[in-house]
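I am opening the notebook on this structure.

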Amino acid sequence: MSASEPFPAPGAAFNDNQRAFGLYVHWPFCLAKCPYCDFNSHVRHAAIDEARFIRAFATEIAATAERVPGRTVSTIFFGGGTPSLMAPTTVGAILAAIAKHWTIAPDAEITLEANPTSVEATRFRGYRAAGVNRVSLGVQALDDGGLATLGRLHTAEEALAAVAIARTSFERYSFDLIYARPGQTAAAWRQELRRAIAEAAEHLSLYQLTIEADTPFAGLHAAGKLLVPNADDARDLYDVTRDVCAAAGLPAYEISNHARPGAECRHNLVYWRYHEYAGIGPGAHGRLLIDNRRRATATERQPERWLARVEAGGHGWLEEELTREQQGDEFLLMGLRLAEGIDPARYERLSGRALDMTRIADLAGHGLIETGADGRLRVTAAGFPLLDAVVADLAA
């Protein structure tokens, strides 16, 4: 992305050639650590000093704004961890700190992740009053057996009650489900997915269970005590996901995300379209354009050490300048996840080299990618299950 690419005007539609600016705010605490999760989340049995964290968030926001002043904030995303464990006043204070240093677009999308165990109507009204206008619920399954396998603390009934509260509190809401769970069949997943679509207004995030290193699930899987669907069965579940959602009017706009047209998560599009975003809080990552150079930022992951770093030095991040090759690789990795694909000319501007036409022709010949009439390069339906291999081939 060059410095000459314009910011979108307030209210303008997002597109690949405008420079959006997003903010990710990480709340690192959970009630319990799920056995499949490798996110930067932590369990604390003592009360969290939210006032101290508010001060630290405000300090790091101010330090970041000094590095990238004059931005118009298009999207804000409170992720975690479990951000719905924060008091609404904490969310409001963080949003006020953001508004103090940057302009927040009038139509900014402001999302907060929530778990069903921490959802209640009064709390959601508080988030709405603080400025949140979209919630994303970590439902993960709509049957109690699946929830127990995943180590979730809520029941299916509690999950659906949380969705109902979200529906009455926010015009925009989404929820997550995990499929390819142990013992899950295509028929059972089809039924569960149809039930989910009946509850979802506009957006679903549907993730295939992966065994992440250094998680309890990794240990169980290695010991043969956790059996997940084999590659063929997982592919069947993936195909069911795309077919059922598309038939219901929620096509996949990204490999794991489905929405009615116009209801896509705008914040995640900032990542996938390789725009600029700041990461605030423990373990948060960012991609910032500083002095016309793209820099990767990451903060101290451990919450208490992050607090100490911010209180001592004004911020908790480290940064590195990305090479043009790294920028091109990241652009491919993120952009080809999208159904809309990428602009090869932008890849060339970022990386300093054109994509290899021989490789494109070979992948196209195998039905894995295609070039549209608009010149954009897209992964096909047949190519998405092989996305990592497609990206690696193009980046080589």
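I began with glutamate 311, which is partly exposed at a relative accessible area of 46% (buried means under 20%, exposed over 50%, partly exposed in between, with a 1.4 Å probe and protein chains only). Its salt-bridge partner is arginine 52, with the closest N and O atoms 2.7 Å apart; a salt bridge here is a side-chain nitrogen of Lys or Arg within 4 Å of a carboxyl oxygen of Asp or Glu. Arginine 52 sits in helix α1 and glutamate 311 in helix α10, so the pair ties together parts 259 residues apart in sequence. Helices (H or I, at least four residues) and strands (E, at least two) are DSSP runs, numbered from the N terminus. Arginine 52 is also partly exposed, at 31%.

Before going on, I note that this is a predicted model, in which local features need pLDDT of at least 70 and side-chain atom pairs count only at pLDDT 80 or more, while totals for chains, interfaces and linings use all residues. Residues are numbered from 1 along each chain as its sequence is written, and side-chain values use heavy atoms, with hydrogens and water left out.

Next entry: other salt bridges. I find 22 in the structure. Glutamate 304 and arginine 44 form one of them, at 2.9 Å, N to O. This pair links distant parts of the chain, 260 residues apart: glutamate 304 is in helix α10 (residues 303–313), and arginine 44 is in the loop between β3 (42–43) and α1. Glutamate 304 is partly exposed at 36% relative accessibility, and arginine 44 is partly exposed at 29%.

I then looked up glutamate 192, which bridges to arginine 181 with the closest N and O atoms 2.8 Å apart. Glutamate 192 belongs to helix α6 (residues 186–199) and arginine 181 to the loop between β7 and α6, 11 residues apart. Both residues are buried.

A network of salt bridges links Arg67, Arg293, Arg295, Glu319 and Glu321.

Next entry: phenylalanine 170. Is this residue buried or exposed? Phenylalanine 170 is buried, at a relative accessible area of 2%, and lies in the loop between α5 (156–169) and β7 (172–179). Leaving aside neighbours within four places in sequence, its contacts (heavy atoms within 4.5 Å) include Phe124, Tyr127 and Arg128.
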